[in-house]
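I opened a new model today and wanted to learn my way around it. Here are my notes, in the order I looked things up.

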Amino acid sequence: MARQARAVQTRRSIVEAAACVFADRGYERAAISEILHRANVTKGALYFHFAAKSDLARAVIDEQTALVTVPEHGSPLQSAVDITHQFAYALRHDPLARAGSRLSIEGVLVDGTHPWGGWFELTARLLAEGKAAGEVLPQVDPVETAEFVVASFTGVQLVSQALTGRADLRDRVAVLWRHLLPSVAHPGALARVRPEGVTDPATTALGHAHRPLRAGASGTLGA
């Protein structure tokens, strides 16, 4: 058991070090030697867990899914809003989020698919659930709208990064939803859904602070 625990901790250290390097350097300029230095592990330990740099990128992208939790407050549309605020918070405070975002924007593929796929699917599912619940207007296409939300969020966070180092990202995401919600929300839901979110992203982040890194995952999340 002690050996297994050490292996889990070693893998965690490697993934978190890789996230820092990917966030700072991007995929192409990320050097295995720098990841080894930051993780304080041997080359043998790294290659025991990851056969190539691409496997490290996949692990970082996979781990983004743990940064977002769909709130259980009964409103799928509000949940769609809240998860963007959760990820906005993570971009400011978690290297895994920043690395995953950079890898997504650089177009790094995971098993031949784009990292944004998981984000598209989750947002589309929440919009479809909102449509079934009468929160989302009947003419709204959940898949098309989900892709628009992801694209808009990506642009907003890049502008925020360039202008303020993402210090104003939460406010900018709220502005995004204030413009978008009237186009997708039923009037009754529009009065209830809050563009600034109703869950505390910091509380959600604390719940993930000591999450175990998974050995493998099929879902991806990017922004």
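**Surface.** I started with a definition: accessible areas come from the Shrake-Rupley method with a 1.4 Å probe, and for residues only the protein chains shown count as cover. With that, I found that the protein chain exposes about 10800 Å², and carbon and sulfur atoms supply 55% of it.

**Ground rules.** This is a predicted model, where local features need pLDDT of at least 70, side-chain atom pairs count only at pLDDT 80 or more, and totals for chains, interfaces and linings use all residues. Residues are numbered from 1 along each chain as its sequence is written, and side-chain values use heavy atoms, leaving out hydrogens and water.

**Confidence.** I checked pLDDT (the predictor's confidence in each residue, from 0 to 100). The protein chain has a mean of 87, and 87% of its residues reach 70 or more. Helix α9 (residues 169-184) has the highest confidence, at 98, and helix α11 (residues 201-208) the lowest, at a mean of 61. Over residues 209-223 the pLDDT is below 50.

**Overall build.** I looked up 11 helices and zero strands in the protein chain; both are DSSP runs numbered from the N terminus, helices being H or I with at least four residues and strands E with at least two. Buried residues (under 20% relative accessible area; exposed is over 50%, partly exposed in between, with a 1.4 Å probe and protein chains only) make up 49% of the 223 residues.

**Helix α7.** How far apart are the end C-alpha atoms of α7? They are 24 Å apart, which agrees with the 24 Å that its 17 residues (116-132) should span at 1.5 Å a residue; the expected span is 1.5 Å times one less than the number of residues. Its buried residues include Trp119, Leu122, Leu126 and Leu127. I noted that α5 (76-93) and α8 (142-164) are among what covers them. After α7 comes glycine 134, with a positive phi near 85°.

**Helices α1 and α4.** Their axes (lines fitted to C-alpha atoms over the stretch in contact, with angles from 0 to 180 degrees between N-to-C directions) come within 9 Å and cross at roughly 95°. The two helices are therefore roughly perpendicular, a label for 65 to 115 degrees. In contact terms (heavy atoms within 4.5 Å), residues including Ile14 and Phe22 in α1 meet residues including Leu56 and Val60 in α4.

**Glutamate 28.** I found glutamate 28 in the loop between α1 (2-25) and α2 (32-39). Is glutamate 28 buried or exposed? Glutamate 28 counts as exposed, because its relative accessibility is 67%.

Conventions. Parallel < 35°, antiparallel > 145°, perpendicular 65-115°, else oblique.
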